[in-house]
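Subject: Model for you to look at

Hello,

Here is the structure I promised to pass on. Please open it next to this email. My notes come after it.

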Amino acid sequence: MYLTDEQQAVLNGSKGETMAKVMKTLVMYGETFGADKLVPVTSDYNHLVTSFGLKMMKPVFDLMQQLIDAGAISSQKFSVDPRPLDKNVPANFLQKLIFNKFMYSTQESYEQQLKELGLMNEDAFTCACYLDQVGNKPKKGDILSWAESSAVVYANSVLGARCNRNSGIMDIMGSIAGCVPHFGLLTDEGRKATWIVKVECAKKPEAQLLGSAIGMKVMEDVPYITGIEKWLGTELSDETCAYLKDFGAATASNGAVGLYHIENLTPEAKELGTGLIAPDAKVYVIDDEELARVQREYPVMWKKPDGAPKLCFIGCPHMSMQQLKDWTVRVEEGLKAAGNKKVLVPTVFTTAPAVKKEFEKTEFAQRLKDTGVILSYICPLMYMNNPLCKSMNVITSSNKLRTYTTSRYYTEAQILEIITKGGQQK
Amino acid sequence: MMEFKGRIVAPGTITAEAVVSHGGFNTLASLQGALQFGDKKATCGDQNNPDLHGKELAGKALCLPMTIGSTTGGLVLYCACAMGRQPGCMLFSNPIDSLAAAGSILASVWLEGVQMPVIDSLGEDFLSYVKDGMSVTVKEDGTVVVEG
């Protein structure tokens with residue numbers, strides 16, 4: 001791999017041993033993937049995936065401290081994934097004890113490290129950092145050193161930025177060095193689609209279910225998706241962006257998709273059309289039956305599969321302002337139709353702290369509160385990341401949350417029915 | 001006995017018992033529970049992986065096509081290495097993915113004395129041939145010998 005004189009000097013120790021290790025990490029990373037050079041990171045801000053002071057991650061905190069002590073700090077400020085705890089989210093005594101004393105006992109000290117490393121601000125804890133209210137929205141063509149699979153796939157696909165599916169820690173290494181290896185999704189060739197996905201559903205497919213089906217089929221490949229513009233339109237409206245946010249998160253967590261193209265909609269597909277499709281691309285046809293099959297085959301991990309739901313999470317990835325407003329109306333209407341005043345299952349909507357603040361200035365905030373729904377900035381995945389949740393029947397419309405926890409996935413319509421009318425869908 | 005030749009991503013030699021995943025290995029879903037709650041045998045917690053769910057991974061020859069899922073994957077693998085709960089080696093039938101590569105590289109640059117040979121591009125035949133419980137030897141030149 002070609003290195004500039006300056007990069008070579010850093011690798012040789014001109015800026016100290018720690019910076020040499022940072023550069024060595026990036027060079028090894030690039031060489032593993034046949035990168036030809038290191039290219040400058042051009043986004044205004046970085047985004048890190050590691051937001052949680054999990055006790056078991058001491059090796060990561062030790063590494064971060066090594067960077068701080070050596071003054072190896074990036075010139076970029078960054079946002080970071082959501083906090084794992086929020087006292088407003090229901091938890092029993094035992095859960096609170098486990099969360100605070102055993103699991104996230106290093107949260108405070110880790111947040112101090114994040115401040116020293118360049119956290120954008122106190123509200124910069126969200127997986128959906130690209131939402132307008134948060135302010136970390138890259139431009140088309142920007143080179144990023146981000147991690148967080150759902151943010152990477154959104155930045156690549158919807159915003160047209162360029163970022164590999166970097167791992168946590170690798171994200172901060174690229175930002176500190178100011179450069180990342182040029183391979184994979186940073187190259188024109190790496191952005192070509194090796195799958196054509198033909199959506200032949202009779203009705204608009206559920207974003208998180210369609211994303212799951214595609215992710216499990218194409219794994220790390222790039223899909224070019226046709227047949228959904230009739231529902232999504234050809235412009236990136238707020239509603240469409242929210243759909244793509246949820247869809248992408250499912251492709252990235254149920255598989256390993258870092259970029260997708262949607263015909264006539266996403267920026268590169270609009271520019272280059274079918275020229276984005278690589279020769280010999282494989283074909284995957286999705287219809288309603290295929291989506292039903294995918295949903296049927298999700299394993300049920302509840303200890304008591306026929307038990308009643310005890311908690312519902314909506315918002316993994318974090319909800320947008322428009323989604324919060326739409327869901328407020330849907331819950332209100334669902335309750336009214338069922339003759340109920342409050343949701344029948346404790347329900348938590350999760351969003352970015354900056355979105356939450358803005359939402360709370362609107363009339364919808366009180367209306368949502370009146371339905372009994374709790375609004376939080378928490379990461380539901382981190383909340384559920386403990387053995388007690390196995391015996392707690394959690395439902396969700398997030399296929400990402402389903403993948404990493406014992407929560408049970410339902411479509412949005414099914415979830416709405418369960419929380420407003422009661423009962424459990426089979 | 002069969003021999004397979006791959007590319008060395010992280011050097012080293014080892015003989016270990018195979019555990020085989022035919023689907024993508026979700027590092028976060030597989031290891032988070034084990035690392036967090038003191039399971040030194042690193043029992044796989046990924047409910048979506050019928051090949052590995054409930055099986056011990058620490059010290060084993062983990063045979064897989066690739067890793068998938070959350071981009072915390074690399075740091076989870078890095079933590080497993082720092083805590084001595086990593087697989088004995090990782091043997092990929094496909095070219096390695098960015099998350100597994102990151103975990104392996106971070107461990108090699110930032111941790112001392114960690115041994116986890118990583119070989120990729122072993123081919124689909126490798127994953128078809130190797131079965132749970134077989135003895136797998138990784139040689140210095142990236143040759144993988146499967147017996148059993």
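Below is what I found, part by part.

This is a predicted model: local features need pLDDT of at least 70 and side-chain atom pairs count only at pLDDT 80 or more, while totals for chains, interfaces and linings use all residues. Residues are numbered from 1 along each chain as its sequence is written, and chains are lettered from A and ligands numbered from 1 in the order in which they are written.

The domains of chain A

Chain A is divided into domain 1 (5-186), domain 2 (191-296) and domain 3 (311-421). Those bounds come from an automatic or database domain assignment. The centres of domain 1 and domain 3 of chain A, taken over C-alpha atoms, are 28 Å apart. Between these two domains, 23 residues of domain 1 are in contact with 22 residues of domain 3. Contact here requires C-beta atoms, placed from the backbone, within 7 Å. Helix α4 (residues 93-103) of chain A gives the largest share of the domain 1 side, four residues. By class, that side has 14 nonpolar, five polar and four charged residues. Nonpolar covers Ala, Val, Leu, Ile, Met, Phe, Trp, Tyr, Cys and Pro; charged covers Asp, Glu, Lys and Arg; the others, Gly among them, are polar.

Helices (H or I, at least four residues) and strands (E, at least two) are DSSP runs, numbered from the N terminus. Strands pair if DSSP finds at least two bridges between them.

One open sheet has four strands in the order β7-β6-β5-β8 (chain A), with parallel pairing. β7 (261-262) and β8 (277-286) of chain A stand at the edges with a single partner strand each, so one side of each has no neighbour in the sheet. Two bridges join β6 (residues 223-226) of chain A to β7(A). In one of the pairings, Tyr224(A) has His261(A) of β7(A) as its bridge partner. Helix α8 (residues 207-218) of chain A lies across β5 (193-199), β6 and β8 of chain A, at about 130 degrees to β8(A). Axes are lines fitted to C-alpha atoms, for helices over the stretch in contact, and angles run from 0 to 180 degrees between N-to-C directions.

The other open sheet has five strands, β11-β10-β9-β12-β13 (chain A), also with parallel pairing. Its edge strands are β11 (374-376) and β13 (408-409) of chain A, each pairing on one side only. β9 (residues 311-319) and β12 (residues 394-396) of chain A pair over three bridges. Phe313(A) has Thr396(A) in β12(A) as its bridge partner. Strand β9 of chain A also holds Pro317(A). The peptide bond from Cys316(A) to Pro317(A) is cis, with omega near 10 degrees.

Where the chains meet

38 residues of chain A are in contact with 33 residues of chain B. On the chain A side, α2 (17-32), α3 (58-69), α6 (149-157) and α17 (399-404) give two or more residues each. α2(A) gives the largest share, six residues. The chain A side divides into 20 nonpolar, 13 polar and five charged residues.

Helix α2 (residues 73-82) of chain B is mostly covered: ten of its ten residues are buried. Buried means 20 or more other C-beta atoms within 10 Å of the residue's own; exposed means 12 or fewer, partly exposed is in between, and C-beta atoms are placed from the backbone. The buried residues of α2(B) pack against α3 and α7 of chain A, together with α1 (27-36), β6 (67-68) and α3 (98-110) of chain B. Gly84(B) follows α2(B) and has a positive phi, near 70 degrees.

Ile169(A) lies in the loop between α6 and α7 (170-177) of chain A. Its phi is near 80 degrees, a positive value in a residue other than glycine. Ile169(A) counts as buried, with 27 C-beta neighbours inside 10 Å. Leaving out residues up to four places away in sequence, Ile169(A) touches Val60(A), Leu63(A), Gly74(B), Leu75(B), Tyr78(B), Ala102(B) and Leu106(B).

The largest nonpolar core has 185 residues, and those with the most contacts inside it include Ile169(A), Leu26(A), Tyr78(B) and Cys79(B). Such a core is a set of buried Ala, Val, Leu, Ile, Met, Phe, Trp, Tyr and Cys residues joined through C-beta atoms within 7 Å.

Ser121(B) also has a positive phi, near 55 degrees. Ser121(B) sits in the loop between β8 (118-120) and α4 (124-129) of chain B, and counts as partly exposed with 16 C-beta neighbours inside 10 Å.

Best wishes
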